[in-house]
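Biologist: I have a new model open and want to learn how to read it. Where do we start?

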Amino acid sequence: MDFRLEDIDDAEVERRLSIVEPLTDAVRELVDAVIRTEVDDAELVAAREQIEAIVARLRAQQKDKGYGVSFTRDFTGMPWGNAATGARNAVAPPLRIKKVDGVTRADVVLGAAYEGPGGHVHGGIAALLLDQLVGETAAADHMPSFTGTLTVRYLRPTPLGPVTLEGRVTGTDGRKTFVHGELSDADGVTVEAEAIMIQPKHFPARDAIISTIAKLENERS
Ligand SMILES: CCCCCCCC/C=C\CCCCCCCC(=O)SCCNC(=O)CCNC(=O)[C@H](O)C(C)(C)COP(=O)(O)OP(=O)(O)OC[C@H]1O[C@@H](n2cnc3c(N)ncnc32)[C@H](O)[C@@H]1OP(=O)(O)O
């Protein structure tokens with residue numbers, strides 16, 4: 001698992017976000033436009049050539065694989081490649097989850113890129129969003145839990161458009177946390193999930209990050 005520590009403060013995180021978020025939003029617009037455009041074939045070919053030029057420009061300097069997860073020295077996470085939430089990932093709607101009094105909540109609009117049954121949200125997308133939700137619901141004090149088992153029940157089709165997600169912990173047992181999650185449209189719950197989240201026995205990345213932070217703090221004092 002790829003965790004990195006970057007010795008930067010929150011102002012620098014915000015500065016970087018102010019550059020990459022509008023870029024990612026523009027790519028989301030592109031994805032939506034490609035799905036819904038009705039321009040003629042010549043326009044499609046011309047557009048493709050321009051997009052290929054942009055891809056070549058971005059490929060000038062690339063990471064070897066995924067973005068990985070970086071943390072600042074204050075443990076601000078930068079999971080910017082995350083498929084559900086990533087600030088650099090145009091595939092992510094993106095989900096922005098807030099936790100208040102232990103209950104997690106997110107409001108998001110699912111457009112044409114998330115279609116499964118005509119006009120409705122793909123079941124895999126619902127499961128993706130619920131997986132992220134239950135992950136963040138179970139996470140505590142810099143300690144992530146991994147999804148052990150996720151059971152998803154589709155109650156009725158979810159129309160494309162605005163949806164709400166809500167999650168809460170229903171119990172714990174040793175390293176296991178049980179989480180209930182729901183995806184709703186304006187008329188109520190469309191998909192519900194039960195998850196068994198597990199704090200892994202071995203998580204060397206966390207220990208490595210904590211010792212690197214301690215070292216940085218020593219160097220500064
Ligand atoms: C560095 C600092 C970090 C800071 C972080 C800041 C906060 C972060 C904030 C927010 C993060 C949100 C991120 C959300 C992302 C979305 C969530 C995902 O998609 S996760 C990816 C999909 N999941 C996997 O890839 C798991 C793959 N599986 C594994 O890694 C292991 O199998 C794991 C961890 C699930 C269990 O491994 P073991 O070795 O720790 O487990 P054992 O010790 O054998 O079992 C412990 C207990 O759990 C049960 N158990 C084990 N596996 C289970 C399973 N699959 N389902 C249900 N129960 C299971 C066992 O029966 C046992 O229970 P008994 O204590 O005996 O009662």
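Modeller: This is a predicted model.

Biologist: Where does Thr158 lie in the chain?

Modeller: In a loop. Thr158 sits between strand 6 (146-154) and strand 7 (161-173).

Biologist: Which residues does Thr158 touch, leaving out those up to four places away in sequence?

Modeller: Read the contact list. Thr158 touches His120, Val121, Ala126, Val163, Leu183, Asp185, Thr190 and Val191.

Biologist: How far is Thr158 from Glu136, in sequence and in space?

Modeller: Keep the two scales apart. Thr158 and Glu136 are 22 residues apart along the sequence. C-alpha to C-alpha, they are 22 Å apart in space.

Biologist: Now a contrast. Is Asp101 buried or exposed?

Modeller: Apply the count again. Asp101 has 5 other C-beta atoms within 10 Å, so Asp101 is exposed. Asp101 is in the loop between strand 4 (98-100) and strand 5 (103-110). Check its backbone too: phi of Asp101 is near 50°, a positive value in a residue other than glycine.

Biologist: Which peptide bond is cis?

Modeller: Look at omega. From Pro93 to Pro94, omega is near -5°, and the bond is cis. Pro94 belongs to the loop between strand 3 (77-78) and strand 4.

Biologist: How do I read a nonpolar core?

Modeller: In soluble globular proteins, nonpolar side chains tend to be buried together. Here, the largest nonpolar core has 22 residues. Those touching the most other members are Ala126, Leu129, Leu130, Leu133, Val134, Leu165 and Leu183. At least two residues each come from strand 5, helix 3 (123-138), strand 7, strand 8 (176-185) and strand 9 (188-198). Helix 3 gives the largest share, 7 residues.

Biologist: What does Leu165 touch, again leaving out residues up to four places away in sequence?

Modeller: Leu165 touches Arg105, Ala106, Leu129, Leu130, Leu133, Gly181, Glu182 and Leu183.

Biologist: Zoom out. Which domains does the assignment give?

Modeller: Domain 1 spans 1-94 and domain 2 spans 96-221. Their C-alpha centres lie 21 Å apart. The contact takes 16 residues from domain 1 and 15 residues from domain 2.

Biologist: Which element gives the most to the side of domain 1 that touches domain 2?

Modeller: Helix 1, with 4 residues. Strand 1 (3-6) and helix 1 (10-36) each supply at least two residues there. By type, this side of domain 1 has 11 nonpolar, 1 polar and 4 charged residues.

Terms used. Residues numbered from 1 in each chain as written. Predicted model: local features only at pLDDT ≥ 70, side-chain atom pairs only at ≥ 80, totals over all residues. Domains from an automatic or database assignment. Contact = placed C-beta atoms within 7 Å. Nonpolar A, V, L, I, M, F, W, Y, C, P; charged D, E, K, R; others polar. Buried ≥ 20, exposed ≤ 12 C-beta atoms within 10 Å, placed from the backbone. Core = buried A, V, L, I, M, F, W, Y, C linked by C-beta atoms within 7 Å.
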